[in-house]
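Trainee: I have this one open for the first time and would like to walk through it with you. Could you show me where to begin?

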Amino acid sequence: MGKKSQDSSDQEITLQKTAKFSVLDLPGITQRANDPTTASQNDTDDSSTKQSQKQGLQGRRAKASTGPRMDDSTTNLIGGDSFLARTPNPEWIKAREDAYAKIAARRQEELEKKSPVPIQVVMPDGKVFDKTKNGESFMAWKTSPYDVACVISQGLADAAVVARVTYESYVEDYDLGEDGMEGEDLLADAMEKDDDENAAAKAVLWDLTRPLVGNVAKLELLKFESDADAKTVFWHSSAHMLGEALEHLYGCRLTIGPPLKGGFYYDSYMGAKDAFKEDDYAPVEQEVQKIAKSKQKFDRLVVTKEEALELFAGNPFKEQIIKTKVPDGTRTTVYKCGDLIDLCRGPHVPHTGRVKAFAATRHSATSWLGDTDNDSLQRMYGISFPDKKMLKVWKENQEMAKARDHRRIAAKQELIMFHDLSPGSAFWLPRGARIYNKLIDFIKQHYWKRGYDEIITPNIYNLDLWHQSGHALHYQDAMFSFEVEGQKWAMKPMNCPGHCLMFANSIRSYRDLPLRFADFGVLHRNELSGALTGLTRVRRFQQDDAHIYCREDQIEQEVLGALDFMKDVYDTFGMTYKLELSTRPKKALGDIELWERAETALANAMDKFAGKGGWRINPGDGAFYGPKIDIKVMDAMERVHQCATVQLDFQLPIRFDLKYNTGSKEKGKEFERPVMVHRAMLGSVERMFAVLCEHWGGKWPFWISPRQVMVVPVHAEFNPYCEAVQQKLHDQGFYAEVDVSKATFQKKVRNAQVDQYNFQLVVGKNEVENGTVNIRTRENKVEGEMKVDDFVEMCKKLRAEHK
C-alpha cells in the first residue's frame with residue numbers, strides 16, 4: 001500500500017453518499033483466465049496501486065489528509081527554506097498586497113468597459129424586483145444580491161450568508177472564461193463542484209456583494225441556520241480568517257484551507273521541525289477575534305495564471321497548485337480579506353464581522369497531498385458561528401459526544417474489543433453480541449411481517465462476477481482478493497451481484513414479482529488502516545441488505561413499503577429523519593422516459609408518506625444507475641447520520657440480463673427487465689450499533705439491553721431464592737444475573753446502576769415470604785414490590801413493544 005499521512009482518520013473510500021455501494025461505470029465483463037502476466041502485474045505494480053489509492057481518497061468534500069489532485073511527477077519535498085522560523089507579519093505579506101493592487105487596477109479598467117444594462121430578479125415566491133428602494137433600476141455589473149435583499153428588508157440582508165443564483169440569461173458582455181469561471185476549481189476536492197455544461201441553467205452560489213451579470217430566474221438568500229450551503233460558505237470564510245491569523249502570528253506558508261461538514265481547517269508548512277501546540281490556540285483565537293472586529297471585506301479578483309504566480313511567488317505549494325491546475329492562457333480567482341490573499345473559487349461572506357464566535361479545536365500533522373513522501377504540514381482545525389450562543393451549545397454537544405463516544409462506552413461495558421492481528425474487525429464480546437443479535441432479530445421480525453425472503457449467499461466469488469457487475473474496475477483496490485488455481489477471487493464487499501445471480505437462476509413471471517431478497521451476509525472491504533475508526537469504519541461488517549425486484553408499475557408501492565419500514569425502525573429508536581429525493585444526474589445511463597417515470601413514482605410515494613412539502617429534492621444528485629431517496633436521521637445530539645437508503649437501479653438488471661415473463665403474446669413484449677431496488681434500514685449493523693450507543697449514551701432500552709436485570713439479595717441467606725428468580729427470567733429469554741458478592745447491599749445496587757442494568761430486583765425476608773421482588777430502576781427510582789410472575793409479564797411486554 002502507498003504511504004498515507006499521519007492524520008487520516010477522516011479519510012474515506014466511498015463512491016456513493018449512501019450506505020450501500022453500486023458501480024459507477026460500464027466496464028468489460030470477464031477477466032482473463034489463467035493469465036500469469038496479468039496476475040503478476042496486479043500483484044506487483046505497487047506504483048499503480050499507490051496512485052489508485054490516492055485517487056480513491058479524494059471526494060467532493062474535504063477529507064482529512066487530502067488536497068488538490070496532482071500528477072505524481074509533481075510530488076516531492078518542495079517546501080525548502082520558504083519557512084525557516086516563526087516570524088510575525090513577514091515582509092512577503094506586504095509584497096503580495098502590492099502585487100494584488102496592480103492586478104486589481106487592471107481588472108478595474110476591464111470592468112469600466114462593461115455596459116450596465118437593466119436586469120430583473122425573481123425571488124423563490126415568484127415576486128419580481130427590478131428597482132432599488134430609491135426607484136433606481138437594477139443594473140448588471142452594479143446590482144448585487146445584497147442590494148436586492150435590502151429592498152426586502154435590511155434584516156434579511158444582514159442575516160443572509162450567501163446567495164444561490166439561477167440565471168435566466170447572461171448579459172452580452174459577460175464571459176465565463178474572462179470571469180475565471182470556466183477553469184477547474186483549484187480546490188475542487190474540497191468543495192461541492194458544479195460540472196454542468198450549461199452553467200446559466202444551474203443554480204450557482206454567489207457572493208452577496210458580487211454584482212449580478214444577467215437576469216435572474218431565481219434568487220435565494222441563504223442563512224446559516226437553515227441551509228447547508230450557507231454553513232459551507234461561512235466555514236470556508238472562517239478558514240481564510242484562520243489562515244490570515246496563522247500568517248500574522250507565525251509567517252506560515254499556507255497550503256489549503258477548506259470547509260468540512262462541521263467546521264474547517266488550514267494546512268500550513270512550518271518547516272521540518274516546527275509544529276502547532278495547544279498553547280497556540282489562544283493566540284490564534286485572539287487574532288481571529290481582531291480580524292472579525294475589523295470587518296474586513298472579502299474581495300473577489302480574477303487573475304491570469306501569470307498574475308497568480310506573481311501573487312504567490314515564494315509559496316511553493318500555491319505555485320504548484322497554479323502550475324498544475326490552471327491551464328495556460330486561462331484565468332482563475334483569488335479572494336482578499338485584510339492582507340490575506342488566497343487562491344479560491346469562493347464564494348464568501350460579505351465581511352469578517354459576520355463571524356461572531358470562533359474556536360481552534362485541535363491540531364495534527366499531515367502531509368502535502370496526503371502522501372508522506374511529501375513535505376510534512378501542520379493542520380489546525382476550527383469551528384465558528386454567527387452567534388456566540390451557538391458556539392456555547394456546540395461546545396456542550398462536543399463534551400456530550402466525548403462522554404457518549406461508542407468506543408469509550410463499548411470498552412467500559414465490555415461489549416467489543418479489537419486486536420492488532422485483525423485490524424478493523426470487531427471481536428463481539430458476549431454482551432456486545434447480545435445487542436448485535438437483537439438488532440438483527442429486530443429487522444428479521446420486520447422481514448417476516450413485510451414479505452421478505454431471507455437468503456444466504458457465498459462470501460467469496462470469482463472476480464468474473466465483479467467484472468460483470470462493474471465493481472472490479474472501480475473498487476478492486478478496496479476488495480480482499482487472492483488467487484485460486486490461477487484465477488482471482490475476492491471476498492464480497494456487497495451483496496447486490498450475488499442476488500442478481502439468484503434472480504437469474506429461474507424463469508421469472510410477472511406474477512412472481514415483487515421478489516424481496518434479504519441477506520445478512522458478512523461483507524469485507526479493504527479500508528486503509530489509517531481510516532479505521534471504532535465501529536464506524538471497519539473491514540468486516542454485516543448489513544441488513546435487501547434487494548427488491550419489481551415491475552415498473554410496482555415501484556411506488558415498494559418504495560412506500562420501504563419508507564414505512566424505515567419509519568417503524570427509527571420511531572423505535574427514538575430518532576427523527578428527513579427525506580431527500582435525488583434525481584437524474586447529467587451522466588445518468590438509461591432511457592430518460594424511464595427515469596422520469598421512476599422519479600414520479602418515488603415522488604408520489606414520498607408525497608403519500610410524508611405529505612407534500614415533507615421532503616426536498618436534490619436535483620441531479622441521483623446515482624448514475626437510478627434515482628434514490630436519501631434518508632438522514634438525527635440522533636439525541638442532533639447529529640445527522642445517513643444509514644438507511646432506498647435506491648432504484650436500472651443498470652445491474654441489464655448487466656446480468658435479468659428478465660421476467662410479462663405474460664404478453666405480442667412479439668417483442670414477452671419479456672421485460674425488472675427494476676432493482678437497493679434498500680437498507682440500518683445500513684451496517686456495526687455502524688448502527690455505534691450510532692445507537694451514542695444516541696442512547698450507553699443506556700440501552702430494555703428490549704435490546706445486554707444487562708436487563710440484576711437480582712440483589714440483601715443477605716446471603718436469600719441467595720437460593722434470588723437464583724430461582726434469575727432462572728425463571730433466564731428461561732423466558734431475559735438477561736438476568738444475581739450479585740452473590742460480599743459487597744454491601746447498597747454497593748450492589750449502585751454497581752448494578754452504574755453498569756446500566758435496567759432493573760435491580762432487591763430481595764429480603766418479606767420478598768421471599770411473599771413470592772415477590774422489590775423493583776428499582778437504573779435511575780434509582782423505587783417501583784416497589786411486585787409478584788415475580790407479574791414482573792416477568794411486564795418484561796415480556798417491554799420486549800414485545802421494543803421499549
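Trainee: Which strands make up the open sheet, and in what order do they come?

Mentor: Bear in mind that this is a predicted model. The open sheet is formed by 3 strands in the order β9-β10-β11, and their pairing is antiparallel.

Trainee: Which strands stand at the edges?

Mentor: Those are β9 (299–304) and β11 (340–343); each has a single partner strand, so one side of each is left without a neighbour in the sheet. From one strand to the next, the twist averages 30°.

Trainee: Over how many bridges do β9 and β10 pair?

Mentor: There are 6 bridges between β9 and strand β10, which covers residues 331–337, and the sense is antiparallel. As an example to look up, R300 has Y335 in β10 as its bridge partner.

Trainee: What lies across β10 and β11?

Mentor: That is α6, which runs at about 125° to β11. The crossing in which α6 passes α7 is right-handed.

Trainee: Which residues meet there?

Mentor: From α6 the contact takes in M241, L242, E244, A245, L246, H248, L249 and Y250, and from α7 it takes in P283, V284, E287, V288, I291 and A292. Sorted by kind, the residues of this contact are 11 nonpolar, 1 polar and 2 charged.

Trainee: Is K295 buried or exposed?

Mentor: K295 counts as exposed, because its relative accessibility is 52% and the cut-off for exposed is over 50%. For a contrast, look at W141 in the loop between β2 (128–129) and α4 (145–152): W141 also has a positive phi, near 75°, but W141 is buried, with a relative accessible area of 14%.

Trainee: Changing topic, where are the cis peptide bonds you mentioned before we started?

Mentor: One joins G346 and P347, with omega about 0°, and P347 lies in the loop between β11 and β12 (357–367). Another runs from L513 to P514, with omega near 5°, and P514 is found in the loop between β20 (508–509) and β21 (515–519).

Trainee: Which strands does β26 pair with?

Mentor: Strand β24 (residues 576–582) pairs with β26 in the antiparallel sense over 7 bridges, and in that pairing L581 stands opposite I629 in β26. Strand β27 (residues 640–649) also pairs with β26 in the antiparallel sense, over 6 bridges, and there D630 stands opposite T645 in β27.

Trainee: How many residues sit between β26 and β27?

Mentor: There are 5 residues between them, and the two strands form a hairpin, in whose turn E638 has a positive phi of about 60°.

Trainee: Back to helices for a moment: how do α12 and α19 cross?

Mentor: The axes of helix α12 (residues 430–450) and helix α19 (residues 685–696) come within 11 Å and cross at roughly 110°. That makes α12 roughly perpendicular to α19. In the contact, G432, I435, Y436, L439 and I440 of α12 meet V685, E686, F689 and L692 of α19, and these residues divide into 7 nonpolar, 1 polar and 1 charged.

Trainee: And at what angle do α20 and α23 pack?

Mentor: Helix α20 (residues 719–731) packs against helix α23 (residues 788–800) at an angle of about 35°, and their axes are 11 Å apart. The crossing of α20 past α23 is right-handed. Here Y721, V725, K728 and L729 in α20 meet V788, D789, F791 and V792 in α23, a contact made up of 6 nonpolar, no polar and 2 charged residues.

Key: Residues numbered from 1 in each chain as written. Predicted model: local features only at pLDDT ≥ 70, side-chain atom pairs only at ≥ 80, totals over all residues. Heavy atoms only, no water. Pairing = 2+ DSSP bridges. Helix = DSSP H or I, 4+ residues; strand = E, 2+ residues; numbered from the N terminus. Left-handed = near helix turned anticlockwise from the far one by under 90°. Contact = heavy atoms within 4.5 Å. Nonpolar A, V, L, I, M, F, W, Y, C, P; charged D, E, K, R; others polar. Axes fitted to C-alpha atoms, helices over the stretch in contact; angles between N-to-C directions. Parallel < 35°, antiparallel > 145°, perpendicular 65-115°, else oblique. Buried < 20%, exposed > 50% of the residue type's maximum accessible area, 1.4 Å probe, protein only.
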